[in-house]
Amino acid sequence: MRYVHRVFTVALLLAALFAAGLILHAPRALAQDADAATADAATADTPAVDDAVPDAVPDATLARTRGPVVHLTLDAVIHPIAAEYIREGIESADAQGASLVVLELDTPGGLLTSTRDIVQTILGARTPVAVHVGPRGAQAASAGFFLLLAGDFASMAPGTNTGAAHPVAGGGNDIDGDLGEKVEQDTAALIRSLAERGGRDIALAESAVLESKSFTADEALDAGLIDVLADDVPSLLSALDGRTVDKNGQTLVLATAMAPIDARPMSRIQELLSAIAHPNIAALLMALGMLGLYVELSNPGTLVPGVVGAICLVLAFFAASVLPMNHAGIALIVLGIAMFVAEIYVPTFGILTAGGAVSLILGGLMLWRDAPEALRLDPWLLIGLVASMVAVMTLLLGESMRMRRAPVVTGAEGMPGMRGVARTALTTDGGRVFLHGELWRAVADRPVAAGDAIEVTEVDGLTLRVRAVDADPSST
């Protein structure tokens with residue numbers, strides 16, 4: 001049994017390290033690319049912003065923008081971590097007097113509540129905000145369409161798409177009944193207000209919500225849903241240079257052509273939390289956490305599985321706290337765990353294990369049922385996790401059953417069959433034998449001479465019933 005625990009401990013550590021590598025590798029590569037872009041912009045031989053903008057402005061009501069361009073990148077689903085990242089970036093840009101905030105977007109959608117938070121942040125910013133869908137091949141689908149229209153300027157790279165903003169349930173199906181009508185009308189009103197604010201085609205924008213219509217970059221530009229078609233952020237800044245925007249009762253003239261770019265990727269903590277805040281990662285962490293704690297509780301003192309399992313569970317609970325969860329799903333998962341634990345103490349020959357597996361699968365499918373399609377748990381991943389847990393449970397239970405069937409080797413039950421040496425002559429009246437490092441009182445049905453080898457046939461309290469054997473015991 002200890003061998004099984006050691007093997008599982010090593011496997012648990014390797015799985016945790018592998019998951020951490022998957023979570024951190026891609027964000028680190030993105031951050032390194034962003035840092036390289038920032039270094040290139042900083043070392044470029046460009047004049048200062050003040051030199052790039054003429055001192056004289058034709059209209060006295062106009063004001064020049066000065067300062068760097070803050071570049072934010074959102075390449076993930078929209079959830080509370082993404083909303084926090086964008087809010088912090090815009091607040092920092094406002095505090096430092098940036099000339100423009102560029103939000104580069106590539107998202108399949110996300111939570112409507114977080115989308116509204118980001119929209120409020122963009123609309124309330126003192127700094128002009130340009131939302132750019134890029135790079136090529138990116139999308140601003142579903143909730144991303146709202147962010148695109150919320151910006152003071154909307155831009156898309158060639159080969160990108162946007163739209164398909166109809167609200168759906170977690171399974172990708174329409175929301176039925178009065179609730180579906182309310183959600184649809186509410187989101188339609190939001191997109192109409194954003195389109196009206198930006199002077200865009202209101203009916204066409206509303207069709208993305210009511211009819212799930214999608215647009216390519218060229219179609220969006222021709223329809224007036226976006227302002228600029230730009231390959232990348234530097235191209236966007238060149239295209240926006242000299243344009244005006246009304247902010248806080250003042251008309252600003254953008255001076256962005258040669259403004260330095262201040263790239264602000266997510267912090268390491270935000271990258272980690274953003275990756276964790278997805279049902280697939282949360283399910284992996286929950287499975288590792290449960291298995292780690294199970295091994296620790298079944299073999300106290302191992303420590304490593306318990307520590308790793310506790311950390312994984314805390315991270316899984318964090319993911320659960322920022323994702324919409326279904327209470328029936330939670331109840332089924334708790335029931336499945338209870339069945340797994342009960343199988344250890346109440347042998348049912350796998351009935352409780354099978355019931356626990358079914359309960360976990362159903363609970364996992366229902367747990368994030370109310371989340372949007374972009375935050376849906378992959379059913380094959382769930383089945384794989386449950387199958388792995390069942391395999392581990394089967395291995396441990398099989399080892400336990402083998403231990404139960406093994407002959408007893410301790411206590412009075414383990415003494416019959418043990419061999420020793422008669423220290424005195426043995427008769428039915430009794431004598432002394434040396435057995436397992438101790439002297440015992442023993443009786444024999446047939447006389448046994450002192451020094452002869454004996455074998456225990458029965459234990460009666462503190463008296464052994466023995467018989468003579470021909471073989472000389474190897475250990476006495």
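## Report on a predicted chain: sheet, helices and buried residues

Ser274 lies in helix α10, which covers residues 268-276. The model that contains this residue is predicted. With a relative accessibility of 10%, Ser274 counts as buried, because buried means under 20%. The side chain of Ser274 makes a polar contact with the side chain of His79, at 3.3 Å. When neighbours within four places in sequence are left aside, Ser274 is in contact with Ala76, His79, Ile81 and Met266.

The chain has 476 residues, and 44% of them count as buried. Its secondary structure consists of 15 helices and 17 strands. The accessible surface comes to about 23300 Å², and 59% of that surface belongs to carbon and sulfur atoms. Among contacts between residues at least 6 apart in sequence, 66% join residues at least 24 apart.

The next topic is a sheet. In general, the strands of a sheet pair through backbone hydrogen bonds, either parallel or antiparallel. Here, six strands form an open sheet in the order β9-β6-β4-β3-β2-β12, and the pairing is parallel. The edge strands are β9 (228-229) and β12 (261-264), each of which pairs on one side only. Strand β2, residues 69-74, pairs with β12 in the parallel sense over four bridges. Within this pairing, His71 has Ala263 of β12 as its bridge partner.

The loop between β11 (250-253) and β12 holds Thr256. Is Thr256 buried or exposed? Thr256 is buried, because its relative accessible area is 0%. The side chain of Thr256 reaches the backbone oxygen of Leu237 at 2.7 Å. Apart from neighbours within four places in sequence, Thr256 is in contact with Val69, Ser99, Leu100, Leu237, Leu240 and Asp241.

Helix α4 covers residues 112-123, and its twelve residues should span 16 Å at 1.5 Å a residue; the end C-alpha atoms are 16 Å apart, which agrees. Which residues of α4 are buried? They are Ser114, Thr115, Ile118, Val119, Thr121 and Ile122. Seen down the axis of α4, these buried residues fall within an arc of 160°, so they line one face of the helix. On the other side of α4, Thr113 and Gln120 are exposed.

Ile118 is placed in helix α4. Ile118 counts as buried because its relative accessibility is 0%. Not counting residues up to four places away in sequence, Ile118 touches Ile78, Ala82, Ala83, Ile86 and Leu147. Ile118 and Arg87 are 31 residues apart in sequence, while their C-alpha atoms are 7.0 Å apart in space.

| Residue | Relative accessibility |
|---|---|
| Thr256 | 0% |
| Ile118 | 0% |

Methods
Residues numbered from 1 in each chain as written. Predicted model: local features only at pLDDT ≥ 70, side-chain atom pairs only at ≥ 80, totals over all residues. Heavy atoms only, no water. Pairing = 2+ DSSP bridges. Helix = DSSP H or I, 4+ residues; strand = E, 2+ residues; numbered from the N terminus. Buried < 20%, exposed > 50% of the residue type's maximum accessible area, 1.4 Å probe, protein only. Polar contact = N/O pair within 3.5 Å; in protein donor to acceptor, adjacent residues only side chain to side chain. Contact = heavy atoms within 4.5 Å. Expected span 1.5 Å × (residues − 1). Arc of directions from axis to C-beta. Areas by Shrake-Rupley, 256 points an atom, 1.4 Å probe, with all protein chains shown as cover.
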